[in-house]
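The structure is shown first, and the description follows.

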Amino acid sequence: ENKNIKKKKIPSKCKIEWVHRMSIQKCLQSSSIILLILLLLSRITCNHAFLLNQPKIPYGTIAHEKNNALILQSSKVSHDSKSPSTSSIIKKTRETLDSINDKMPRTSPSSVPKIDNKIQPFQINNKNKSQSIKQMKKRHEDPNHVAFICDGNSRWSQNNGSSRDTFWGHSNGASRVLSIIKYIQNKYRDIDYVTMYAFSTENWSRSQDEIDNIWKVLEQFSSKFYDWVLQSNIQLKIIGDLSDQRIPLSLKKSLIALEEESSWNTDEEGESESDNANERKGLTICIAINYGGRRDIINASLKMAESISRGEIILDDFSNNIEENDGNEKSYHDFEKKFSELLCTSNIPDPDLVIRTGGERRLSNFLIWNCAYSELYFTDVLWPDYDEKELDKALKWYKGRDRRFGGR
């Protein structure tokens with residue numbers, strides 16, 4: 001019969017109508033088969049429940065949710081002797097399929113239009129997806145480097161009945177340093193660097209009694225810190241000028257020895273030498289003693305000038321590179337990187353978060369080169385009272401920050 005049918009060009013409208021009808025027929029056939037399978041499964045389930053004397057939902061029961069309560073409504077079909085048998089259901093389903101098939105128009109296979117089976121899949125913009133995931137991680141992860149301006153020790157002494165003797169306040173402040181470092185080491189494993197501002201270049205203007213108390217506390221701190229640092233995979237780094245003759249020699253020797261002996265605990269990138277994967281990465285503690293941000297920049301500038309005079313750094317190379325790239329940002333970035341290597345904070349990443357206690361809202365010459373894009377957190381809590389809950393609060397605040405570094 002197909003050979004006797006003349007091949008005629010079928011209008012595009014007819015082709016579309018034929019495709020729609022064929023699609024409807026296939027959908028109805030598939031739906032009927034699925035319905036048949038579901039009826040068989042429900043029948044088997046009901047019989048199995050009846051044999052096991054288990055409570056069951058009657059055959060044909062419809063369940064729906066209304067006001068958070070499950071309501072069962074029984075349909076016309078009931079599980080009794082008058083319920084239709086499986087064979088009758090199959091028979092009726094076949095009759096329905098045959099009637100649908102008879103009503104569908106017959107079309108010659110030769111007139112079936114060619115359909116392009118190449119379906120374009122739904123494409124996800126992976127670039128935007130990866131960027132959003134990256135931003136989400138950046139927004140909600142813990143900082144890598146947290147720096148503390150430990151302010152308020154003297155005021156804490158005054159508030160606690162010791163208006164003249166500041167030793168008590170600085171001693172409690174040193175104890176707080178130890179407790180905060182231990183808390184970070186145990187709970188915040190993504191924090192690899194912690195910097196404490198112990199004594200600035202401007203603190204020399206304080207009274208000699210308070211300065212002497214600070215040196216005493218630092219010596220006690222180094223002796224308490226010694227055994228724990230060596231056993232806890234912690235590396236100690238001193239930033240600042242220890243060559244000042246006003247600093248006690250015994251304190252210098254203690255700090256230098258601790259820095260040297262703890263250097264094996266972690267490498268420069270903060271990776272632990274231990275092969276145990278579950279062990280925490282080595283924590284690096286930086287203590288700023290006789291440190292000033294401006295002085296550090298001046299010293300780095302003098303070092304660069306000396307390197308230029310000796311021919312170790314050729315300034316024309318930087319200038320030519322900037323001119324050739326029309327002031328490209330990468331050229332300046334390379335120069336900044338070279339300059340950063342001359343600071344006393346070289347091999348230490350810039351702080352992600354700076355926390356200042358004591359109520360003041362300023363950096364006070366602390367890491368002013370390094371804090372260009374640091375998040376600044378200020379609290380009125382005095383340093384000896386700055387406990388673990390206050391640190392949790394600051395880190396929670398940091399996770400809510402959207403760090404774009406000048407971009408969008």
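Leu353 stands opposite Glu375 in S8. Strand S7 (residues 353-356) pairs with S8 in the parallel sense over 4 bridges, where pairing requires that DSSP finds at least two bridges between two strands. The model is predicted: local features need pLDDT of at least 70, side-chain atom pairs count only at pLDDT 80 or more, and totals for chains, interfaces and linings use all residues. Residues are numbered from 1 along each chain as its sequence is written, and side-chain values use heavy atoms, with hydrogens and water left out.

S7 and S8 belong to an open sheet of 6 strands, ordered S5-S6-S4-S3-S7-S8, with parallel pairing. Its edge strands, S5 and S8, each pair on one side only. From one strand to the next, the twist averages 20 degrees. Helices (H or I, at least four residues) and strands (E, at least two) are DSSP runs, numbered from the N terminus.

H6 lies across S4, S5 and S6, running at about 155 degrees to S4. Angles run from 0 to 180 degrees between N-to-C directions, and axes are lines fitted to C-alpha atoms, for helices over the stretch in contact.

| Element | Residues |
|---|---|
| Helix H6 | 208-231 |
| Helix H7 | 249-261 |

H6 and H7 pack at an angle of about 20 degrees, with their axes 10 Å apart. H6 is therefore roughly parallel to H7 (angles under 35 degrees count as such). The contact (heavy atoms within 4.5 Å) includes Trp215 and Phe225 of H6 and Leu251 and Leu258 of H7.

Notes
Angles under 35 degrees count as roughly parallel, over 145 as roughly antiparallel, 65 to 115 as roughly perpendicular and the rest as oblique.
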